[in-house]
Amino acid sequence: MRVEHNTGPTAGDEGAAEAPKSRRFPSVTRDTARPEGGGRAAPGDAPAPARQWPMLSVLAATAAGLLTTAVGYARVGCLIIGVALIAAAVMRRVLPSVGMLAVRSRFTDLLTYGVLGVAITLLALVMEPGPWVHIPFLETAVRFTVR
């Protein structure tokens with residue numbers, strides 16, 4: 001049994017139809033796609049910092065949180081960092097273009113920023129000594145894991 005493969009038109013074929021595109025992934029990646037919302041957050045004629053204001057605002061808040069933690073107010077510093085990440089998740093969801101704050105797909109960025117922000121905020125709220133929020137099973141869980 002003989003099987004013939006259609007290799008498409010050759011260089012000598014004039015007026016022949018174009019070969020159908022393959023659905024296979026290319027063996028060599030030539031370009032990457034920009035994430036959804038990865039365009040500039042301000043017009044192109046604006047200065048560079050203004051075009052990346054969402055990312056710069058999150059970085060500034062995180063730096064303020066780290067500085068606050070280093071000065072000796074760990075709970076407040078961690079709260080600032082957690083709120084900055086939650087704000088990043090909100091900006092990623094609400095704004096159509098967030099510049100370099102868009103790293104992956106919108107859903108993945110939203111999930112990553114949101115989960116990390118909520119986790120850091122909750123850890124800051126239950127931080128010892130004198131936690132602001134008491135979770136009943138937390139003391140029991142710590143007793144079983146750390147003896």
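**Entry 1: Arg 106**

I started with Arg 106, which counts as buried at 19% relative accessibility, because the cut-off for buried is under 20%. The model I am reading is a predicted one. I placed Arg 106 in helix α4. I then looked up what its side chain reaches. The side chain of Arg 106 comes to 2.8 Å from the backbone oxygen of Arg 92. I also noted the backbone oxygen of Leu 95, which lies 3.3 Å from a polar atom of the Arg 106 side chain.

**Entry 2: salt bridges**

How many salt bridges does the structure hold? I found two. In general, side chains of opposite charge can pair when their charged atoms come close.

I took Arg 92 and Asp 109 to begin with; they form a salt bridge, with the closest N and O atoms 2.9 Å apart. Arg 92 belongs to helix α3 (residues 74-94) and Asp 109 to helix α4 (residues 106-125), so this pair ties together parts that are 17 residues apart in sequence. Are Arg 92 and Asp 109 buried or exposed? I recorded both as buried.

I turned to Arg 104 next. Its side chain meets that of Asp 109 in a salt bridge at 3.1 Å, N to O. Arg 104 is partly exposed, at 32% relative accessibility. For Asp 109 I read a relative accessible area of 0%, which makes it buried. I therefore have a buried Asp 109 and a partly exposed Arg 104 in this pair. I wrote down Arg 92, Arg 104 and Asp 109 as linked in a network of salt bridges.

**Entry 3: helix α2**

I checked the length of helix α2 (residues 53-71). At 1.5 Å a residue, its 19 residues should span 27 Å, and the end C-alpha atoms are 27 Å apart, which agrees.

Which residues of α2 are buried? I listed Pro 54, Val 58, Gly 65 and Thr 68. These residues cover an arc of only 90 degrees around the axis, so they sit on the same side of α2. I looked for what covers the buried residues of α2, and α3 is included. On the other side of α2 I found Leu 66, Leu 67, Ala 70 and Val 71 exposed. I also read the backbone just after α2, where Gly 72 takes a positive phi of about 130 degrees.

**Entry 4: Thr 121**

I went back to helix α4, where Thr 121 lies. What does the side chain of Thr 121 reach? I found the backbone oxygen of Gly 117, at 2.7 Å. I then listed the contacts of Thr 121, not counting residues up to four places away in sequence: Leu 79, Gly 82, Val 83 and Ile 86.

**Entry 5: Leu 111**

Leu 111 has a relative accessible area of 46%, which makes it partly exposed. I looked up its C-alpha distance to Ala 89, a residue 22 places away along the chain. The two C-alpha atoms are separated by 7.5 Å.

Methods. Residues are numbered from 1 along each chain as its sequence is written. This is a predicted model: local features need pLDDT of at least 70, side-chain atom pairs count only at pLDDT 80 or more; totals for chains, interfaces and linings use all residues. Side-chain values use heavy atoms; hydrogens and water are left out. A salt bridge is a side-chain nitrogen of Lys or Arg within 4 Å of a carboxyl oxygen of Asp or Glu. Helices (H or I, at least four residues) and strands (E, at least two) are DSSP runs, numbered from the N terminus. Buried means under 20% relative accessible area, exposed over 50%, partly exposed in between (1.4 Å probe, protein chains only). The expected span of a helix is 1.5 Å times one less than its number of residues. The arc is that of the directions from the helix axis to the C-beta atoms. Contact means heavy atoms within 4.5 Å. A polar contact is a pair of N or O atoms within 3.5 Å; within protein, one must be able to donate a hydrogen and the other to accept it, and residues adjacent in sequence count only if both atoms are side-chain atoms.
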